[in-house]
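Subject: Structure handover

Hi,

Here is the structure you asked about. My notes follow below it.

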Amino acid sequence: CDNTLTIPITIVPNYPPDADAGENQIIPITHNHDPDENEETVTLDASNSTDPEVETLEYKWTQVSGPDDITIAPQDWSSDPTAQFDVVNPYDGTDKTYEIVVTVKDGYGDNKDTDTVTITVSPEPNVPPTAVAGDDYTVVILHDGDPNTDSIEIELDGSGSSDPDGDQIISYEWSDNSGQVSNDINFTHTVNGAGTYEYVLT
């Protein structure tokens, strides 16, 4: 008789997960009427990552390129597939581009996979205000019987100016050929003698 028992043992391999860092994102900074406060929160999402054995996954996000002005949270391994960071980009800035890698592992630890997502953060949009100096008009210096008096007051009004973003206009500057004449939204300017006077509102 055969007194030998042969038992084949097969180790079922553990396959690594498939990391998915999500689609590349273009994040526009929201115009909020304050040039000094324009922070935006960006969310990273690797929830489409999968595992062949449907095991529980852990995630870790790491910035690999771009400006060194963000902090991704959480920074360590987490069972949450999402992470976030806050970023600013002022209205006079340029696009900021960040490359961020997500590393995904299953419970066996050594089986990992990575994927990269690109986040582009655009500057806060700002459309310049529209200056309105008013309509051109003609004034007449009235004859008053005195050859030595030929001055007249000109009324200038910039209140028709507006900002398409709804921002408050914080300064006005009126100038003529001689230079700056006023910083008021409207004012009265005295001119002497006949002629054509041109005013520029900035």
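Is tyrosine 98 buried or exposed? Tyrosine 98 is buried, with a relative accessible area of 0%. Buried means under 20% relative accessible area, exposed means over 50%, and partly exposed lies in between (1.4 Å probe, protein chains only).

Some ground rules before the rest. This is a predicted model, where local features need pLDDT of at least 70 and side-chain atom pairs count only at pLDDT 80 or more, while totals for chains, interfaces and linings use all residues. Residues are numbered from 1 along each chain as its sequence is written, and side-chain values use heavy atoms, with hydrogens and water left out.

Aromatic pairs

The structure holds two aromatic pairs. Tyrosine 98 is in one of them, with phenylalanine 85. That pair is tilted, at 5.8 Å centre to centre and 55° between the planes. Rings of Phe, Tyr and Trp (its six-membered ring) pair if their centres lie within 6.5 Å; planes under 30 degrees apart count as stacked, over 60 as edge-to-face and the rest as tilted. The pair links distant parts of the chain: phenylalanine 85 sits in strand S4 and tyrosine 98 in strand S5 (residues 96-105), 13 residues apart. Helices (H or I, at least four residues) and strands (E, at least two) are DSSP runs, numbered from the N terminus. Phenylalanine 85 is buried too, with a relative accessible area of 1%.

Tryptophan 174 and phenylalanine 187 form an edge-to-face pair. Their rings are 5.7 Å centre to centre, with 65° between the planes. Tryptophan 174 lies in strand S8 and phenylalanine 187 in strand S10 (residues 186-192), so the pair ties together parts that are 13 residues apart in sequence. Both tryptophan 174 and phenylalanine 187 are buried.

The sheet around S8

Strand S8 covers residues 174-176. It belongs to an open sheet of three strands, in the order S9-S8-S11, with antiparallel pairing. Two strands pair if DSSP finds at least two bridges between them. S8 and S11 are joined by two bridges. Serine 175 stands opposite valine 200 in S11. S9 (179-182) and S11 (200-201) are the edge strands, and each pairs on one side only.

A charge over a ring

Lysine 105 lies over the face of tryptophan 77, at 4.3 Å from the ring centre. The test: NZ of Lys or CZ of Arg within 6 Å of the ring centre and within 35 degrees of the ring normal.

Backbone points to check

Most residues other than glycine have a negative phi, and most peptide bonds are trans.

- Alanine 73 and proline 74 are joined by a cis peptide bond, with omega about 0°. Proline 74 is in the loop between strand S3 (58-65) and strand S4 (82-87).
- Histidine 33 has a positive phi, near 70°. It lies in the loop between strand S1 (25-28) and strand S2 (40-45). Histidine 33 is partly exposed, at 48% relative accessible area.
- Valine 54 also has a positive phi, near 55°. Its place is in the loop between S2 and S3. Valine 54 counts as exposed, at 73% relative accessibility.

Regards
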